[in-house]
Every structure is written in structure tokens, then in C-alpha cells.
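Here is a friendly walk through the structure shown below. Have the viewer open as you read, and turn to each part as it comes up.

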Amino acid sequence: MITVFVLVFGGLLCLGVPIAFTLGITAMVMIALYSPTPIMMLPEVMYNALDTFPLVAIPFFVTAAQFMVRGGTSRYLVEAANCYVGHLRGGLAIVAVVSCMFFAAICGSSVASALAIGIIVISAMIDFGYSRGFASGVVAASGTMGIMIPPSVALILYGIIAEESIPRLFLAGVTPGLLEGALYIAWIAYYSRRKGYGGGPRATLGETLRATGKAVPALCMPFIVLGGIYGGFVTVSEAAALAAVVSIIISVFVYRGVKPREIIPISAEAMRSAGMIMFIISTAIVFGNWLTESGVPARMVALVTDLKLSPFLFLLFVNLFLLFMGMFLEVASIMLITLPILIPLVRVMGIDPIHFGILMTVNMELALETPPVGLNLFVISGVAKAPLWETIKGTFPFTCLGFIQLAIVTYWPDFCLFLPRLLMGP
Amino acid sequence: MNKIVERWNRVEGFLFGFLNLAALASAIYGVIMRYLFRAPPYWTEEICLYMIIWAVFIAASSLAEERGHVAATLLVERFPVQIRRILAVFNGIVCIGFCAIISWYGFQIVLQTYACAQKSSTAVRFPLWIAYLSVAAGCLLVGIRYGLRIYRLLFRFQTSEILESHEMSQEEIHP
């Protein structure tokens, strides 16, 4: 059975069959050969995979991000941030980090965050004498915070598969996200001092007030989204819908970057990128169901208990494994392939599933910036018009900082768990 | 032929763009009614979900046309064009096989639920065949898209046809 699986799955994947179809076909072949389940049921499984209301948050958050990119929201965010920290050493790079964090607090996608801020900040940084590699590295790395700082598409997916509370997962992502931002800013400050980057005249009070005023609608968005969820007013999906509607209104009527007749095409673009993820979810659940039914997860649990692995070693292996997967695959597919096996193991090892969700997300952030396949690297090298290796080199120091963050999150569970415990009880 | 495909693309794009907005509107309508009028409608969540699921499967077809489904193509991109062309035809056939099986059984489920007039178990009593039709119709559309692609690969070949344009590839970046 394992030989057939490796041949079909590995073969299709390497030959460049889209991941969604690779997962679906592998599951179909394995079920036909080894499982009593009739293939007739598969369309229903594919449908049921999507038939859960929390999932609609994914297209809605993507829609919010798409309208903010096209409507000019990111430009005003960057301009406002520039007035406050732009005059410091490495100012523009810090602006990039802060604006990415802010963008991450509105939408839940990493590629969207990197793209939204990158389009505006990278050319400005190059004009002010930063090297192209450093500029693209800062944005490629900071963009990954999109899935760490709540809301987060990755955590929504994890919450649905692991059946954990999504608002709780979001809260647990706050401290690791802030830590990541702080680490990046510290490195930028050190590196820019050495290289003599940045440090221009300070913005006048009038300029600062004007820029802040312009950014007010954008600055309000995180409060609507997160305030709505934690105030207990709306569910996560409804908060996503609110974010999308507010960003449409802002882009069309306030910043006027989007014309009314562009609304449907932009919504279609958003739906296309969300549909890509959702279609993978639908076939990956077929795959996951087969995996669970095949008894592989149960055997893995028996194996791990037999080995008497300590949680310390177990998490080390999991991290290495996810790092390896992250070099070649993309976030949603990695999560959907590995979680059916990992979640039962996590429960047996006595690891808090919320803690594990954050650990998984940090790994997914690294997956976005580790070559040879890193979505943020690809997108940013396109935006910066820089060769891929230059972006990889520029991102490398930040990836190292990411490993520090991963070590802290992995071996200090209370670091991410204390906030949800404090605010939502044990 | 090209004209029909072009029009088809536009109709699809409009459909899932519109469904996404309509789903948004129904979710927001639910929130507004709950807080402003203290009369939460019972149907918004469910209808919103049906619209998103339909949009996903229609978008899958559009993604197939634009080669937008992510794939691990790092290795394949190193191959010479003719080998990639053969591989692309093979991949198309594999995907058509999957889509054919899913839509065949999918349509049977649709017919069954239609014949039994099955309704959703909520207060909406939504006819379920419309919901199940999304999977069957979506996979049928995707299958046809791959069929057209194979036709183009074999008889109307252009080098641009072979380039990968999804997010996991660097060949053609769509920001």
C-alpha cells in the first residue's frame, strides 16, 4: 500500500499535476484499491468539506485585502507610519515592518500583506539608498506576519481541522507576532547603523497630523475586525465580511482608488485566489479522510508511544519535518496533508493544541520565505524586479530571526498561551 | 472557438465575482438585522455558504484555464519545452479522469436528491440538489477546460501555453 501511495502521490506531484488534483487523485486511487468506501461518495465528501460557515472567512479576508491593495489603503498606511519613524536610522525599513504588521491585523494573508506594502515601500527604499536585496528581504519577511498576527487564514484553517476555537488561536498569535516584529526592527536598526541607511529630516507636526488624518479610515479597520470578534458582537466569518465591506466602501468612496464598475472584477480576482485555496481544501479533505480511515495516524500514535519520545524531541522532529515540507510546498497544502496525522499525535503527547497551532503557523511563515519554493520570495522578487537569489539573500537574516522565534514558541508554550488564558480563561 | 472561450471566461468571472459580493451582502445583512432591528434572519449564514461554495467551483474552472492551480513545478520547469508539452498533455488527461469520475457520480447524487426532493435540515429547507450541483458542474467545467487545453497543446501550440503562472512558480508573476 505504501509503495502505491508513494508512487502515485510523489509521481503526480513531481510531474507538476496541480496539488489539488494530486491530492484528489491519490485519495481516489487509494480508496478504490484499499478501502471499502465506495468512490460514489467522493463528490459528497468534497462538498461537505466546504460546507462549514467558518470557511467563508477565507474569501472574505482575501476580498478585504484585494480591495485595500487596489484602493490605495496601503499607501496611506505607509505614509502615516513614515511620519512617525521615517527619520530614524533604517526608518523606511521599519516603516515597512510596521505597515506589514498593521496590514496583517486587517487581513489574514501573507502574500497579500507582502504585496500590498511591497508595491509602495520597495521602490521608495531603493530611491533612498537602501540596497535592493535588503529592501526586498525586509518586505518578504515582514509580509509573513500576515498569517501570525490575527486575523489569520492559516489559523482559521487550523481551527477548523483541529476543532479548536478560532478566536483563542488568534489571541495566541498576538505575542509571537509582536516578538517577530520586534526582532526584525532590532536587526534593521543594527544593520542600518552599520550601513548608514536612512535617517532623513523629521516630518513636521502639520505633515504628521495630515498623514495620520488620511490614514484614519485604514487605522480603524483592525478595531472593527478584532473589536467585533473579542467584543462578542460578531463571529469570525462575520468580522471578515465586515472587513471586506468596509474596505470596499473605503476604497470606492474615501480613497477613490477603485471605480464602482471595477468592484465586480476585483471581487472576482479575490475569489480566484481564495478559490484556489478552497478547492485544495475540498480535495485535501477527501485525502485526509482516506488517511484517517487507513489507520496510518493510529499506527503513528502507537509508534511514537513505543519510542517513548519526549515532547521536546517530538517537537524538534515535527519542526524539522515541517521545515522540509515548507521548502517545497505552499501553506494550505502542507497544513491539510500533515494535520490529520499530527493532531492525534499532539493530543497523545499532551501538547496543548492551541500551542501547536501557533507552532505550525510559525513554520508556515518560514515556509513562505525558504527557497527553493517560497511564495513571498517569488512575489517580492517580482515586485522589486530583482533576481530571485538577491531576494533570498536579503531575506536570509530575517529567516534566521524566524528560527529564534520558532525556538521560543516551541519550547516556551506559556509565551503564546498566556494571553488567551488571561482573556478567555483556561 | 476563441471567441466562445473568451465570452465563457467573462461570464464565469462575472458569476463568481458577483456570487462573492452577494455572499458578503447576505452575511452583512444578517449582522445588521441582528443589531439594528433585533430580528436576526435565519437564512443568511446558510445562503451565504451556498453562494461561496458555488463561487469556489466556478472559480476552479477559471483557474484551470489560466493555469492558476498551484503545482510543484520546480522540477518540471527545468525540462525542455517538448518534454514539458508531453507532460502537460499527460497532466491534462489525469485531471480530466479525476473530473470525469467526480462529475459522473456528482450528477448521480444530484439526480437522487432531486428525485427524493431532499431539503437541508435547517429552517431554510433549501433544495439540496442545487447545492450538490456545484461540485458536479464545477468538475465538469474544469474537465472541459483541460480538454480544450490538450487540444491547444496538440494542435495550436504556442510556447506561452506551457509557462506556469500560479503562485508557486516564478515563470510568470501575476501581482
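Predicted model: local features only at pLDDT ≥ 70, side-chain atom pairs only at ≥ 80, totals over all residues.

## A cut-off to start with

A residue is called buried when its relative accessible area is under 20%, and exposed when that area is over 50%; anything in between is partly exposed.

## Chain A as a whole

Chain A is built with 21 helices and 0 strands. Its radius of gyration is 22 Å, close to the 22 Å that the globule rule gives for 426 residues, so chain A is as compact as a globular protein of that length. Along the principal axes, the C-alpha atoms of this chain fill a box of roughly 70 × 50 × 45 Å.

Of the 426 residues in chain A, 61% count as buried. If you look at contacts with a separation of 6 or more in chain A, 80% of them come from residues 24 or more positions apart. The accessible surface of chain A is about 15,400 Å², and carbon and sulfur atoms account for 70% of that area. As for charge, chain A has 21 positive and 19 negative charges, whose mean positions lie 13 Å apart.

## Chain B as a whole

Chain B has 4 helices and 0 strands, giving the pattern α-α-α-α when read along the sequence. Its radius of gyration is 20 Å, whereas a compact globule of 175 residues would have one near 16 Å. The box filled by the C-alpha atoms of chain B is roughly 65 × 40 × 30 Å along the principal axes.

In chain B, 53% of the 175 residues count as buried. Residues 24 or more positions apart supply 73% of the chain B contacts that have a separation of 6 or more. Chain B exposes about 8,800 Å², with 66% of this supplied by carbon and sulfur atoms. The mean positions of its 15 positive and 12 negative charges are 6 Å apart.

## A salt bridge in chain A

Over all chains, a search of the whole structure finds 11 salt bridges. One to look up in chain A joins the side chains of A:Arg132 and A:Glu390, at 3.0 Å from N to O. This pair links distant parts of the chain: A:Arg132 sits in helix α8 (residues 132–143) of chain A and A:Glu390 in helix α20 (residues 388–411) of chain A, 258 residues apart.

Are the two partners buried or exposed? A:Arg132 has 31% relative accessibility and so counts as partly exposed. A:Glu390, at 15% relative accessibility, counts as buried.

## Salt bridges around B:Glu65

Now back to B:Glu65, which forms a salt bridge with B:Arg145; their closest N and O atoms are 3.2 Å apart. B:Arg145 counts as buried, because its relative accessibility is 2%.

B:Glu65 also meets the side chain of B:Arg152 in a salt bridge, at 3.7 Å from N to O. B:Arg152 lies in helix α4 of chain B and B:Glu65 in helix α2 of chain B, so this pair ties together parts that are 87 residues apart in sequence. At 19% relative accessibility, B:Arg152 counts as buried. Through shared partners, salt bridges join B:Glu12, B:Glu65, B:Arg145, B:Arg149, B:Arg152 and B:Glu161 into one network.

## A closer look at A:Phe279

You will find A:Phe279 in helix α14 (residues 263–294) of chain A. Its relative accessible area is 0%, so A:Phe279 is buried.

Which residues is A:Phe279 in contact with, leaving aside its neighbours within four places in sequence? In chain A they are A:Ala20, A:Phe21 and A:Met46, and in chain B they are B:Val56, B:Phe57, B:Ala60 and B:His69. For a sense of distance, A:Phe279 and A:Val331 are 52 residues apart in sequence, and their C-alpha atoms are 14 Å apart in space.

Conventions. Residues numbered from 1 in each chain as written. Chains lettered and ligands numbered in written order. Heavy atoms only, no water. Salt bridge = Lys/Arg side-chain N within 4 Å of Asp/Glu carboxyl O. Helix = DSSP H or I, 4+ residues; strand = E, 2+ residues; numbered from the N terminus. Buried < 20%, exposed > 50% of the residue type's maximum accessible area, 1.4 Å probe, protein only. Rg over C-alpha atoms; globule rule 2.2 N^0.38 Å. Contact = heavy atoms within 4.5 Å. Areas by Shrake-Rupley, 256 points an atom, 1.4 Å probe, with all protein chains shown as cover. Lys, Arg positive; Asp, Glu negative; His and termini not counted. Charge placed at Lys NZ, Arg CZ, Asp CG, Glu CD.
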